[in-house]
Amino acid sequence: MSRKRSDQIAEGLRQRILSGELPPGARLESEAALSARLDTSKWTLREALKSLETQGLIRIRSGPGGGASITEVSASTANELLWNFCFSRDLSVADIYALRKLLEPALAREVTPLLDAPTLARLSATAGRCCSQRPEGRGVAEREDELDFHNLLAAVSPNPLLRFLIEFLNGLLLKVVAAQHHDPALAGIDINYHGHDYHLELIEAFHARDAERAEAVMYAHMQAAERYMGELTALSQRAGGHQDEETRDL
């Protein structure tokens, strides 16, 4: 089956962008010039350019001085595209934590000698907002603080791919929590998971510049976090089942 002409044009321009022939900041030809060179209509060209804009590869400005220019794909755009991909698959908590248990300990080991005093202070402040000391359990807001701690660590990594993957997984996990619409803190349920305590242990290891200890503590933290998320998922499923039964009884 032949591809649409707009798809062919978009792919040709995409390859020029990815090869570096069209670097970030470069401007494409005018619509009239590009349509003529590609022997296509302006409507087909606009469809192709819109596709590239959706991918985050170009920015289109209208009006005088407008046109299409090449942009760097932002982390937020890449995250959104990957989140869309993930939510169309049957991903489980175990799938996410299979990667977190590999990446987070490696991150902890890598950044231990790189953490300066201001970053350690920010980590301590973020850890203080986690809710291990709250008797009623954990809520979504505290989950955000818990993941912010890990994003602060990721920001220190000199490895851009490791940093991106960790921030992506943390964002994905937060979306999963929000999508469940079930807050164990509001339900008064003690999940018996204390991320705050692991964070304090990690901060101690960071201050001591003990990379091996930081790696070990982070792995234990990820194991405990996986258990917590597994219990929370089961809790949400049970709650959903009870709601379905009540609806059927009406």
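**Entry 1: starting point**

Which residue just after H2 takes a positive phi? I looked, and Asp-39 does, at about 55°. Before going on, I noted that this is a predicted model, where local features need pLDDT of at least 70, side-chain atom pairs count only at pLDDT 80 or more, and totals for chains, interfaces and linings use all residues. I also noted that residues are numbered from 1 along each chain as its sequence is written, and that side-chain values use heavy atoms, with hydrogens and water left out.

**Entry 2: the whole chain**

Along the sequence I read the pattern α-α-α-β-β-α-α-α-α-α-α-α-α. The chain has 250 residues, and 38% of them count as buried. My cut-offs are under 20% relative accessible area for buried, over 50% for exposed and partly exposed in between, with a 1.4 Å probe and protein chains only. I then checked contacts, meaning heavy atoms within 4.5 Å. Of those with a separation of 6 or more, 71% come from residues 24 or more positions apart.

**Entry 3: two residues with positive phi**

Back to Asp-39. I found it in the loop between H2 and H3, and it is not a glycine. Most residues other than glycine have a negative phi, hence my note. Asp-39 is exposed, at a relative accessible area of 67%.

I wrote down Arg-209 too, with a positive phi of about 55° although it is not a glycine. Arg-209 lies in the loop between helix H10 (195-207) and helix H11 (211-249). I have Arg-209 as partly exposed, at 43% relative accessibility.

**Entry 4: the faces of H2**

Which residues of H2 are buried? I listed Leu-34, Ser-35 and Leu-38. Looking down the axis of H2, I see them fall within an arc of 100°, so they line one face of the helix. That arc is taken from the directions from the helix axis to the C-beta atoms. On the other side of H2, I found Ala-32 and Ala-36 exposed. H1 and H3 are among what covers the buried residues.

**Entry 5: H1 against H3**

Two packed helices are described by the angle between their axes and the distance between the axes. For H1 and helix H3 (residues 42-54), I got axes that come within 8 Å and cross at roughly 50°. That makes H1 oblique to H3. I also wrote down which residues meet: Arg-5, Ser-6, Ile-9, Ala-10, Leu-13 and Arg-14 in H1, and Thr-44, Leu-45, Glu-47, Ala-48, Leu-49, Ser-51 and Leu-52 in H3.

**Entry 6: two alanines**

I looked up Ala-26, which sits in the loop between helix H1 (5-18) and helix H2 (31-38). Leaving out residues up to four places away in sequence, Ala-26 touches Ala-68, Ser-69 and Ile-70. Ser-69 is 43 residues from Ala-26 along the chain, yet I got 5.6 Å between their C-alpha atoms.

Beyond its neighbours within four places in sequence, I found Ala-214 in contact with Ala-108, Thr-112, Leu-202, Ala-205 and Phe-206. I also noted 9.3 Å between the C-alpha atoms of Ala-214 and Ala-106, which are 108 residues apart along the chain.

Terms used: Helices (H or I, at least four residues) and strands (E, at least two) are DSSP runs, numbered from the N terminus. Axes are lines fitted to C-alpha atoms, for helices over the stretch in contact, and angles run from 0 to 180 degrees between N-to-C directions. Angles under 35 degrees count as roughly parallel, over 145 as roughly antiparallel, 65 to 115 as roughly perpendicular and the rest as oblique.
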